[in-house]
Every structure is written in C-alpha cells, then in structure tokens.
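Take a look at the structure first, then go through the notes below.

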Amino acid sequence: MSVLSGTEPVEVFRFFEEISQIPRGSYNTKAVSDYCVRFAKERNLEVIQDSWNNIIIKKPGTAGYEDSEPVIIQGHLDMVCEKTPESTHDFTKDPLQLFIEDGFVKAKDTTLGADNGIAVAMALAILDSTVIEHPPIEALFTVDEEVGMLGAAKIDMSLLKGKMLLNLDSEEEGNLIVGCAGGFRFTMNIPVSREVKEGAALNVKICGLKGGHSGVEIDRQRGNANKLAGRLLDQICRNHDAAVTEINGGTKDNVISFMNNFQIVVSEADRESVCEEIVRMKEIWKQEFGADEPELDVQIQEAGTGTYRAFSEEAAKKVIFFLVNCPDGVYEFNRSLKNMVETSDNLGVVETGEDYVKFMVLIRSSIGSKLDEMKNKFKNFAEYLDASYTIEGEYPGWEYKDVSRIRPIVVNAYEKVFGRKPEVLTIHAGLECGLLSGKNPELDCISYGPEMYDVHSFRERLDIASAGRIWELTKEVLRRCR
C-alpha cells in the first residue's frame with residue numbers, strides 16, 4: 001500500500017511517492033527523466049528531453065488564461081544520497097523507504113530527496129490537474145544540481161518563452177529568496193610516498209556529528225569530521241612517534257562531513273598513551289560543542305601489531321598541515337545584510353589513494369571578487385604543498401533585482417495565504433536561478449519552498465503541513481499571473 005495515501009495535499013504526495021520509488025541520485029537521473037517523459041505523453045502534453053536528461057513540459061493556460069504569459073515552474077530531479085553507516089540501502093537500485101513520523105515525511109536511514117523532489121511533485125500535480133487555474137505552464141526539471149548545477153548549465157533557455165520563474169528549491173517556509181551565492185569546487189591531490197612502519201595499528205572513527213547542508217547550515221558551527229581528524233592527528237603526531245596509513249571522510253563536497261576514519265601506527269609502548277590522548281580530545285570536543293553536537297563520538301579499534309605501508313613523514317606533515325589550516329565554515333559575513341553569510345567553504349571530502357590524498361572543498365560567496373580571493377588562497381595551498389588541483393563546477397551568483405514583476409505577486413499571494421508578511425532575502429546556498437538568469441537576463445526569478453530540516457543528511461525530513469501551505473501559495477500565485 002502507498003505510505004503517503006491520504007496525506008494532504010494528496011495530489012502532491014502522490015507524485016512525490018512515485019518519484020521516490022525511482023533511484024535518482026546525481027549522475028543517475030535517466031530513469032526519473034524518462035518517467036517525466038511518460039507522464040507528459042500520457043497527458044498529451046508537449047515534452048522536451050535533452051541529451052543531459054533535463055526535462056521541459058508545457059501545458060496551455062486554463063480558461064481565461066489562454067493568452068497570458070507563460071510561467072516557468074522549476075526544480076531539480078536529482079537528490080543527495082546519504083545514509084547511516086549501518087544502512088545497506090543501494091541508491092542505484094533501491095526505492096526510498098518513506099514513512100511518516102510526528103508530522104514529517106522521512107526516509108528510513110537515508111536522505112529523503114524532498115530537496116528537490118517536492119518541487120517536481122508540485123509541478124507534476126499542476127500539470128496533471130484539470131481544476132487549478134493557471135497561465136501557460138513551462139515546467140523545467142534540471143539534473144545534477146547537487147554536483148555543480150550541471151543540468152542548468154546545459155539547458156537551452158531559448159526553448160522557454162516564460163520570463164517569470166518560480167524556483168521551488170528553498171527550505172524555509174517564511175522566506176522568499178531573491179538572490180543567492182555563487183561558487184566552485186576545488187579538488188586537490190597531495191602526492192603521498194609510503195614507507196614501511198612497524199607497530200600497533202589503531203583505527204580511529206570520528207562520528208555522530210549532525211552534518212548537514214554546507215550552504216544554508218554553514219553558519220550553525222556544526223562539527224566537520226575532516227577538520228576534527230586533522231586536529232587530532234596533529235596533536236598525536238606532535239606528541240608521539242605515529243605514522244598515518246590512511247584517512248577518509250565525507251562523501252560529498254556540499255555536505256558537512258559527519259564522519260571520518262583514519263588509521264595510525266604507533267609503537268606498542270606508546271599505544272596506551274595515544275589512546276588516552278584520543279579520549280582526552282574527545283572530551284575536549286564534547287565541552288567545546290556542548291549541546292550543538294550531543295552525539296559526537298570518537299571510537300578506537302585496535303587492529304593488531306604488524307608491518308604497515310604508512311605515509312612518509314613528509315607526506316603526513318603535508319596532509320595534516322592542510323587539514324589543520326584549510327579554512328572551513330564561515331569566512332566572512334555580509335557587510336550590508338545583518339547575519340547573512342557572504343563567503344564560506346566546506347572541506348567535504350578526504351579520500352586516500354595508493355599514492356595521494358584527495359581533498360574536495362566547496363567554496364561559496366555572493367561577491368565575485370571574494371570567489372577570486374578564495375581561488376587564489378587554495379591555489380597557494382596547492383603550490384606550497386606540491387599538490388595538483390582542479391577548479392570545477394563554477395556557477396554565478398544570482399543578483400537581487402530592484403525591480404521585479406514576480407516578487408510582488410508572490411508577496412501578495414503569501415500575505416493572503418498565510419495572513420502575514422514573508423521575509424524577502426538572499427541566501428548563502430547556491431540556486432539554479434543564477435545560472436538560468438545568466439542565460440536569459442530578462443528572466444525574473446523568485447524561490448520558495450516548504451519547511452525542510454537537515455537536508456543533505458540521513459535526518460532529512462519534510463514538514464507535511466508546511467508542504468500543504470506552500471501548495472496553496474503556489475496555486476494562489478498562478479491564479480494571479482494573468
């Protein structure tokens with residue numbers, strides 16, 4: 001039976017549950033893209049599927065709206081794939097296991113994909129409806145947003161006639177977003193030579209951290225397991241004769257790393273004192289983070305005594321140097337908008353290969369010159385450490401427009417539906433509006449969405465009542481777009 005059957009708004013959650021049965025992690029969007037093609041053809045709607053799996057579905061306006069300007073409803077098909085360490089879920093083939101708890105839709109041990117499946121579901125519900133009043137609709141579903149907005153970068157905007165765009169990829173109900181940060185991914189490989197090291201091996205796991213979205217939650221000062229691992233290794237290697245054999249943490253550059261695993265080799269005589277030092281650092285972190293990271297844990301597993309291929313001392317120093325000194329979190333706040341993050345970065349992934357350690361950092365800023373500053377900063381790290389690097393996935397910020405046609409429509413509709421004024425603001429996270437409006441300067445965008453929590457983590461959850469209110473808002477906005 002359908003888990004969400006009877007959950008209001010029924011017409012929205014029907015489609016949300018259907019797409020939740022289709023694996024749709026980034027780079028794996030062909031199946032859900034094909035689903036959208038079938039959906040459109042079954043309803044005799046015009047559909048365009050490009051070679052990247054982006055989708056455009058067009059529907060004429062209802063009675064009285066036939067000659068109105070089209071409105072673009074936009075969201076992305078892909079989702080971030082995160083799960084608990086114990087989960088056996090296979091994101092390439094397994095459907096999400098949805099359930100309802102305390103007024104929220106959740107997925108068992110995995111991300112929910114409400115970011116941004118709820119936008120797709122709402123757009124499909126509008127396209128499916130025979131009773132909702134609306135102007136001509138151009139539903140735009142992009143792919144691979146979560147890995148650098150790759151679909152938005154490739155979409156041919158000349159296929160769309162609409163000049164007003166509703167992006168349904170925001171996560172706080174009371175906010176209407178009218179601008180966002182730009183960003184890029186910095187990937188660096190530090191070369192690692194190895195040498196034989198004899199001693200006792202200790203596997204250390206830093207875990208239990210909240211993690212979360214590296215944009216909208218970067219100002220919450222959550223622990224980054226990769227950074228904590230660097231601090232702990234620095235402490236151990238300064239006080240003991242220890243060698244590092246591997247270090248791995250995080251899965252995606254846009255997720256605050258909630259786990260890191262590393263292995264060190266120490267002398268048998270030093271083993272106990274090293275374990276004591278690790279435990280002391282755990283207690284220090286518990287005090288420093290307090291209630292912000294209540295489940296933070298550091299686990300030690302003894303892996304036996306033997307001969308190991310460890311990083312050379314020089315390679316280990318370089319790896320630890322970068323882990324300790326790499327900026328992470330909020331770099332600067334906006335000087336005009338109070339409490340608004342301007343520039344940040346997230347050390348999302350650390351990965352050990354046979355002869356390298358890879359680092360992936362996502363940098364964001366609402367100011368182009370600050371993005372340039374951060375590029376140079378990280379280039380300097382790479383040059384100093386004799387490391388190779390790439391800069392990928394660059395996307396522009398979305399600049400606030402003083403004059404907008406869509407903004408007052410949505411603001412007035414919001415006041416009618418909610419009985420209060422919304423917050424109109426810019427955000428630090430990246431949104432596709434920047435790329436899309438860069439392709440068409442006449443495009444007038446606004447972004448909003450239902451209340452979601454802990455997106456990009458296995459704790460992700462969607463507020464059901466909020467989804468219902470945003471659904472009513474969207475219908476009211478469309479009614480006003482004559």
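**Pockets, cavities and cores**

With 3 residues, strand E17 gives the most to the lining of the largest pocket. This is a predicted model, where local features need pLDDT of at least 70 and side-chain atom pairs count only at pLDDT 80 or more, while totals for chains, interfaces and linings use all residues. Residues are numbered from 1 along each chain as its sequence is written, and side-chain values use heavy atoms, with hydrogens and water left out.

**Pockets**
- The largest pocket comes in at about 730 Å³ (a pocket is an open set of points on a 1 Å grid over the protein atoms alone, with protein on both sides within 12 Å along at least five of seven lines; lining residues have an atom within 4 Å of a point).
- Of its 45 lining residues, His-213, Gly-215, Val-216, Ile-427 and Ala-429 are the closest to the centre.
- The lining of the largest pocket splits into 17 nonpolar, 12 polar and 16 charged residues (Ala, Val, Leu, Ile, Met, Phe, Trp, Tyr, Cys and Pro count as nonpolar, Asp, Glu, Lys and Arg as charged, and the others as polar).
- The second largest pocket holds about 470 Å³, and helix H7 gives the most to its lining, with 8 residues (helices are DSSP runs of H or I, at least four residues, and strands are E runs of at least two).

**Cavities**
- There are 2 cavities of 30 Å³ or more (in a cavity, a 1.4 Å probe fits but cannot get out).
- The largest cavity has about 60 Å³ of space, and among the residues lining it are Trp-398, Arg-407 and Asp-444.
- The second largest cavity has a volume of about 50 Å³, with His-89 and Phe-91 among its lining residues.

**Cores**
- The largest nonpolar core has 68 residues, of which Phe-16, Ile-57, Phe-141 and Leu-166 touch the most other members (a core joins buried Ala, Val, Leu, Ile, Met, Phe, Trp, Tyr and Cys residues through side-chain atoms within 4.5 Å).
- Helix H3 (residues 114-128) brings the largest share of this core, 11 residues.
- A second, separate core of 54 residues includes Ala-229, Ile-236, Met-259 and Ala-316.

**Ala-467**
- Ala-467 sits in helix H11 (residues 464-480), and it counts as buried because its relative accessibility is 0% (buried means under 20% relative accessible area, with a 1.4 Å probe and protein chains only).
- Not counting residues up to four places away in sequence, Ala-467 touches Pro-9, Phe-13, Met-122, Pro-450 and Leu-462 (contact means heavy atoms within 4.5 Å).

Methods:
Buried means under 20% relative accessible area, exposed over 50%, partly exposed in between (1.4 Å probe, protein chains only). Grid points are joined across faces, edges and corners, and a volume is the space filled by probe spheres set on the points.
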